[in-house]
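Here are some exercises to work through with the structure open beside you. Try each task yourself before you read the solution that follows it.

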Amino acid sequence: MTLPAVWLTLSLCASLQAAPPTRPLKETYRGYFDIGCAVPSLPGSFKETELALLREQFNSLTAENCMKPAPTEPRENEFRFAAGDSLAAFARSNNMKLVGHCLVWHEQCPDWMFQDGNQPAKRELVLQRMKNHIQTLVKHYQGQVVGWDVVNEAIDEHQPNGLRRSKWLSTVGEDFVEKAFQYAREADPNVQLYYNDFDIESPGKRKQVLKLITRLKAAGCRLDAVGIQGHYALDRVPLRNLEASIEEFYQAGVKVMITELDMDVLGRRNSGADLAMTEKAKPGAKPQAAICPPEILKQQADQYAELFRLLAKHRDKVTRVTFWGLHDGRSWLNTYPIQGRINHAMLFDRQCQPKPAFFSVSEALTRTSGAR
């Protein structure tokens with residue numbers, strides 16, 4: 001790109017961002033749903049401008065990685081809480097809700113959980129370890145988190161039993177999900193409990209989640225909400241399927257949250273967030289532009305606005321919308337599904353400045369619903 005072209009692009013982007021933000025998103029959507037952001041431990045490596053943006057815009061935080069099984073218990077009974085504690089302290093000091101993520105997952109789970117010396121561990125030992133891990137974390141953060149993603153990404157609609165092949169499934173059996181929810185409730189009867197997954201807007205996977213809801217309720221498990229992750233791609237936001245999922249999950253007796261929202265502008269073969277679906281860069285592929293073209297920013301803004309109008313329409317069913325990253329530079333989509341990308345998936349750019357998508361989301365309610 002020539003220097004004049006760069007100047008032109010910068011000028012166009014600046015014009016799209018010229019209008020000052022009116023209110024923080026947490027204020028705009030007060031009475032609709034919480035506005036959240038997934039972050040690592042805080043303050044950590046965050047700059048003051050990033051911390052200020054968090055405080056200004058969000059009233060909910062999700063532990064992005066620091067409360068997952070491997071970081072919290074890398075070796076049996078060796079628990080590490082420092083990173084999670086710092087996040088809890090930040091949330092508490094800034095009057096923000098905190099969501100724990102996650103207690104049981106097939107990824108970022110230490111191998112020792114499934115080993116007994118040189119042999120695979122049997123069901124009873126794995127259940128004992130699962131219970132100890134879940135209850136230690138839930139009790140440690142009792143009164144500090146409003147809810148836990150108890151089980152993450154356990155569904156695979158292509159399997160006969162509807163469950164993803166994992167060490168949890170092969171060692172414990174199909175009831176490992178129920179056991180996880182039972183152990184969490186025993187540790188803290190008052191904390192909210194969630195199931196979280198990607199692509200559960202699609203009819204096939206939605207059907208399996210509905211079956212799981214029925215199973216959990218039949219087993220007497222507490223299940224407050226289902227988390228729809230919301231890892232979307234430009235021009236591939238499944239609005240119709242999303243609305244159907246919100247309505248059907250609510251009819252099944254649970255609320256809904258959008259838990260990991262972003263909008264990929266670079267495109268990829270797969271959808272969702274399956275870490276097994278990484279891709280390699282094509283030979284000779286050129287690096288992505290550090291400046292997103294204004295027409296792409298406009299598309300993204302329009303689609304974010306349409307999404308938020310849909311979610312606001314169902315405010316009786318949707319309790320929280322959480323972005324998976326604070327700004328473009330903090331997005332995991334810079335490394336997934338291909339390392340080294342320069343993605344532009346969030347509402348704020350790498351300088352923490354609002355993008356057109358921020359303004360469109362801020363104005364989405366007034367453009368359709370008038371006075372509230």
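## Exercise 1: A strand among its neighbours

In this predicted model, 6 of the 6 residues of E1 are buried, so the strand is largely enclosed by the rest of the structure. Task: work out which residues lie on each side of E1, and which strands pair with E1.

Solution. 

Step 1. Start from the general rule: in a regular strand, side chains alternate between the two faces of the sheet.

Step 2. Apply that to residues 34-39, the span of E1. One side carries Asp34, Gly36 and Ala38, the other carries Ile35, Cys37 and Val39, and all of these are buried, which leaves both faces covered.

Step 3. Look for partners. E1 pairs with E2 (residues 60-63) in the parallel sense over 4 bridges, and Val39 stands opposite Ala63 in E2. Strand E11 (residues 318-323) also pairs with E1 in the parallel sense, over 4 bridges; here Gly36 has Thr322 as its bridge partner.

## Exercise 2: One face of a helix

Task: find the buried residues of helix H3 (residues 48-57) and decide how they are arranged around its axis.

Solution. 

Step 1. Using under 20% relative accessible area as the cut-off for buried, the list is Glu50, Leu51, Leu53, Leu54 and Gln57.

Step 2. View H3 down its axis: the buried residues fall within an arc of 160°, so they line one face of the helix.

Step 3. An α-helix has 3.6 residues a turn, so residues three or four places apart point the same way.

## Exercise 3: Inside the nonpolar core

Task: identify the residues that touch the most other members of the largest nonpolar core, then list the contacts of Trp148.

Solution. 

Step 1. The core has 110 residues, and those touching the most other members are Leu54, Trp148 and Phe308. Helix H11 (residues 294-313) supplies the largest share of this core, with 10 residues.

Step 2. For Trp148, set aside residues up to four places away in sequence. What remains is Met67, Gly100, His101, Leu103, Leu137, Val138, Tyr141, Val191, Gln192, Leu193 and Tyr194.

Step 3. Of the contacts with a separation of 6 or more, 79% join residues 24 or more positions apart.

## Exercise 4: Backbone exceptions

Task: which residues have a positive phi without being glycine, and where are cis peptide bonds found?

Solution. 

Step 1. Recall the background: most residues other than glycine have a negative phi, and most peptide bonds are trans.

Step 2. Gln108 has a phi near 45°; its place is in the loop between E3 and strand E4 (115-116), and Gln108 is partly exposed at 30%.

Step 3. The bond from Leu42 to Pro43 is cis, with omega near 0°, and Pro43 lies in the loop between E1 and H3. The bond from His101 to Cys102 is cis as well, with omega near -10°, and Cys102 belongs to strand E3 (residues 97-105).

Technical notes: Residues are numbered from 1 along each chain as its sequence is written. This is a predicted model: local features need pLDDT of at least 70, side-chain atom pairs count only at pLDDT 80 or more; totals for chains, interfaces and linings use all residues. Side-chain values use heavy atoms; hydrogens and water are left out. Contact means heavy atoms within 4.5 Å. A nonpolar core is a set of buried Ala, Val, Leu, Ile, Met, Phe, Trp, Tyr and Cys residues joined through side-chain atoms within 4.5 Å. Buried means under 20% relative accessible area, exposed over 50%, partly exposed in between (1.4 Å probe, protein chains only). Helices (H or I, at least four residues) and strands (E, at least two) are DSSP runs, numbered from the N terminus. The arc is that of the directions from the helix axis to the C-beta atoms. Two strands pair if DSSP finds at least two bridges between them.
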